[in-house]
Amino acid sequence: MSCSAAAGAEAAALLFRSPAPSTIAGRHRLAVSRRTPRRNLRTGVQPHQRSTPSANHRNRVSIQRDRAAASIDEEQQQQKSVDENELLNIQLEDLVGMIQNTQKNILLLNQARLQALGHADKILKEKEALQQKINILEMKLSETGTQSVLSSEAKSDAEGLEFDVVKEENVLLKDDMNFLKAKLIEITETEESLFKLEKERALLDGSLRELECTFISAQSDMLKLGRQQQDAWWEKVENLEDLLDSTANQVEHAALTLDGYRDFQDKVEKLKASLGATNVSKFCLYLVDILQQRVKSVEERFQACNHEMHSQIELYEHSIVEFQDTLSKLINESEKKSMEHYAEGMPSEFWSRISLLIDGWSLEKKISINDASMLREMAWKRDNRLREAYLSSRGMEERELIDNFLKMALPGTSSGLHIVHIAAEMAPVAKVGGLADVISGLGKALQKKGHLVEIILPKYDCMQHNQINNLKVLDVVVKSYFEGNMFANKIWTGTVEGLPVYFIEPQHPGKFFWRAQYYGEHDDFKRFSYFSRVALELLYQSGKKVDIIHCHDWQTAFVAPLYWDVYANLGFNSARICFTCHNFEYQGVAPAQDLAYCGLDVDHLDRPDRMRDNSHGRINVVKGAIVYSNIVTTVSPTYAQEVRSEGGRGLQDTLKVHSKKFVGILNGIDTDTWNPSTDRFLKVQYSANDLYGKSANKAALRKQLKLSSTHASQPLVGCITRLVPQKGVHLIRHAIYKTADLGGQFVLLGSSPVQHIQREFEGIADQFQNNNNVRLLLKYDDALSHMIFAASDMFIVPSMFEPCGLTQMIAMRYGSVPIVRRTGGLNDSVFDFDDETIPMELRNGFTFLKADEQGFDSALERAFNYYHRKPEVWKQLAQKDMKIDFSWDTSASQYEEIYQRAAARARAAA
């Protein structure tokens, strides 16, 4: 019975358990409590593990509580505030007094619980002693029966009557013993009920711990309390009150148990009277007296614990009232403080949305160009006043919101740049190749450096609309010139990867971007010259003072001559043009008269020193961009050198003439997307410090592709590529057979737009269909690509030429050692492990120069030798590769430097 009372007392005590001084500390404390056994709250000593019927149950409850705590951790991670450091500013002095009082109550209640457990142990021991005495009594009874039988055989018929009396007494004794056994069974059942109460107490303990975690989580939510969050807080208070009712029910249940003990006491008294009437042995009477004393002792202890529990419940009710009052005060304070600290926690997407809002008003002529410029700069600088105006205007009409913004418009300056990318692709909304990754990766990196970055894209019908946030059409029509007419264009805005993006939807009868594909149309030259003209028209009509307009590849190379020959003459001349050619294989060559579509002067541009193609007698838009841009870049230093010779595909002389403004900058990769420690596509995440996950992913890929798993250490070679001549198709084909000869496994992921190459590799796939060491997957699968990077030990990139290349960087990020041909960006990112002319800390893979089978075999065989014969050296190499920084930060810094130099020259010339 004492266990029941203590259980209720402990349940009430846990309601007052004080949260940690801070959210971070609270989380740490809860995490520790899940890893270590429960300790005595007063002494810190682990309780003795008794083999009682409830021990296993408590273990199961502990496991359930662990799982519940783990679930709560996940909820906390989803709800944790944007900036936890700001939570430390919340003043919780009003709760300190209440917390200190509840801590004292916790100690008192736990003392009572420990005492109750001690009494329960004593009852168990006394029960065992009683059982032993009953066994002795049964033995004596058995001896008495035996003696009676012997007497009946030896004595005469004269003694028969006396024997009958003794026999009758023995029968009565047996009945009494059976009655005592029944009562002992009742005691056992009562103990079981006590254990059930202990079980309920443990469940209640788990729910209270859950409430404690919820309370700590609620503290972290204080800064972002809105109406819904406040309702959630009051719901938590109601849950506490429900818990109080549950505790009261536990008390009532315990009272019923006490009534059962009282019934048992009455039966014991009747037994004592009956035994007295039959004059049985003093031992039986002694036994009954002991039972009576134990019942009385249990009743007294229950009454004491019951009184203490009621006292604590009253204290809890009082604390609930205090908690509600304090909560109301904290809600009011947090609303004020959250407004003070909200700006720092606002994501980039918020400010991008504000910027798009301002531009929309400007284009719709709802605010002046000057006001738009000032508001745009405030959004650019993340001015708190603009944020406050926006938040305070929720629910207002648009005119009221504009008025609030205009009140904030004050002149100011910023050291950042306004950069606009005009491109045909952007990941993940419209992705064909590496260009899309550059636009989003470089844009985000520049945005993090404090620059205002905007993107202009065509609004393709086939783009991934679900990757765009807040997509909406502006109430404005931008008209632009094309083929001697003015055509209307709808302007859509949205945010992609936190960047503000403008989508242009032409209202042209040619439906230029309603073709269900990005490229490959017969009129691509017309489609993208139209888009380039509208993009500049949009910037011109918005009145923006742009610093850098960055155009990419031939599809937007039209921007450079259009800007300087058309729009600069209209007064739109603040910007400087940067052009990046990602691959000089594609140059946008067309008949000269096609330039007239977008309003360019054919006679003015069809000259050798401007846009006339160097070898075909036609115009070349990439050449025009090189001539007309202020900055010309390509995607790696080595590729920049290669294109000045034969790699320039006819533009090498033009590049030499303009070499002073031409530079190669190695691309980066999105290290958030390509991160083995967080990659959701992997079976097991891992890092450079723990490579277990890599072997686990290797095993998972083998199982998925039905590759042999007989030898776990068998090297796996990966290749992910488009099967085109540029990528070294003949060396990829050779690598399949060579890897099999060396005893390795090979996995290829990729397809070919060239039909005869696709058919050739389909034949190879059929040839290896029954080979459990080779798999050719002639398609592209994003999820599978992540698994191949993680599972492979080596990764081949045997390109004929490679402007930059991203797969070798991603492979190293995942601990797969690259084997590449020394060309373009591969030469700038992979350095041979055996090349003694290179510092050891830079050596990160295996390379070859000649694009033949002998050169490739040499590199592959050297890699296999290290893998088999020097596994520790190989492991260190893989770990070193994983730690190399291939993020966009370094590349963005180089772009930032050349942007700033160009902008400075523009300001000096103004």
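How many helices and how many strands does the protein chain have? In this predicted model, the protein chain has 27 helices and 17 strands. Of its 910 residues, 52% are buried. The accessible surface of the protein chain amounts to about 42,300 Å², and carbon and sulfur atoms account for 50% of that surface. Contacts between residues at least 6 apart in sequence were also examined; 75% of these join residues at least 24 apart.

Helix H12, which covers residues 434-448, was considered in detail. Its 15 residues reach 21 Å from the first C-alpha to the last, close to the 21 Å expected at 1.5 Å a residue. The helix is mostly covered, with 12 of its 15 residues buried. Among the buried residues of H12 are Leu-435, Val-438, Ile-439, Leu-442 and Leu-446, and the list also includes Ser-440, Lys-444 and Gln-447. Just after H12, Gly-450 adopts a positive phi of about 95°.

After H8 comes Lys-365, which has a positive phi near 60°.

Two helix pairs illustrate how helices are arranged in the chain. Two packed helices are described by the angle between their axes and the distance between the axes. H8 and helix H9 (residues 369-380) pack at an angle of about 175°, and their axes are 9 Å apart. Because angles over 145 degrees count as roughly antiparallel, H8 is roughly antiparallel to H9. On the H8 side, the residues that meet H9 are Trp-351, Ile-354, Ser-355, Ile-358, Asp-359 and Ser-362. On the H9 side, the partners are Ala-372, Leu-375, Arg-376 and Ala-379. By class, this contact has 6 nonpolar, 2 polar and 2 charged residues.

The second pair is formed by helix H25 (residues 853-869) and helix H26 (residues 871-882), which pack at an angle of about 115° with their axes 5 Å apart. H25 and H26 are therefore roughly perpendicular to each other, as angles of 65 to 115 degrees are placed in that class. H25 contributes Ala-863, Tyr-866, Tyr-867, His-868 and Arg-869 to the contact, while H26 contributes Pro-871, Val-873 and Trp-874. By class, the contact of H25 with H26 has 6 nonpolar, 1 polar and 1 charged residues.

Several loops were then examined. In the loop between S1 and H12 lies Pro-428; the peptide bond that joins Ala-427 to Pro-428 is cis, with omega near 0°. The loop between S6 and H14 (559-567) contains Thr-556, and Asp-553 is also found between S6 and H14. Thr-556 counts as buried because its relative accessibility is 0%. Leaving out residues up to four places away in sequence, Thr-556 touches Ile-422, Ala-423, Ala-424, Phe-531, Ser-532 and Cys-551. Asp-553 is buried as well, with a relative accessible area of 12%, and has a positive phi of about 60° although it is not a glycine.

Ala-516 is another residue that has a positive phi without being a glycine, here of about 65°. Ala-516 is located in the loop between S5 and helix H13 (524-542). With a relative accessibility of 58%, Ala-516 counts as exposed, because the cut-off for exposed residues is over 50%.

Asn-614 belongs to the loop between helix H15 (602-605) and strand S9 (619-620). Its relative accessible area of 37% makes Asn-614 partly exposed. Beyond its neighbours within four places in sequence, Asn-614 is in contact with Pro-608, Lys-623, Gly-650, Leu-651 and Thr-654. Asn-614 and Leu-651 are 37 residues apart in sequence, and their C-alpha atoms are 7.0 Å apart in space.

Methods
Residues are numbered from 1 along each chain as its sequence is written. This is a predicted model: local features need pLDDT of at least 70, side-chain atom pairs count only at pLDDT 80 or more; totals for chains, interfaces and linings use all residues. Side-chain values use heavy atoms; hydrogens and water are left out. Helices (H or I, at least four residues) and strands (E, at least two) are DSSP runs, numbered from the N terminus. Axes are lines fitted to C-alpha atoms, for helices over the stretch in contact, and angles run from 0 to 180 degrees between N-to-C directions. Angles under 35 degrees count as roughly parallel, over 145 as roughly antiparallel, 65 to 115 as roughly perpendicular and the rest as oblique. Contact means heavy atoms within 4.5 Å. Ala, Val, Leu, Ile, Met, Phe, Trp, Tyr, Cys and Pro count as nonpolar, Asp, Glu, Lys and Arg as charged, and the others, Gly among them, as polar. Buried means under 20% relative accessible area, exposed over 50%, partly exposed in between (1.4 Å probe, protein chains only). Accessible areas come from the Shrake-Rupley method with a 1.4 Å probe; for residues, only the protein chains shown count as cover. The expected span of a helix is 1.5 Å times one less than its number of residues.
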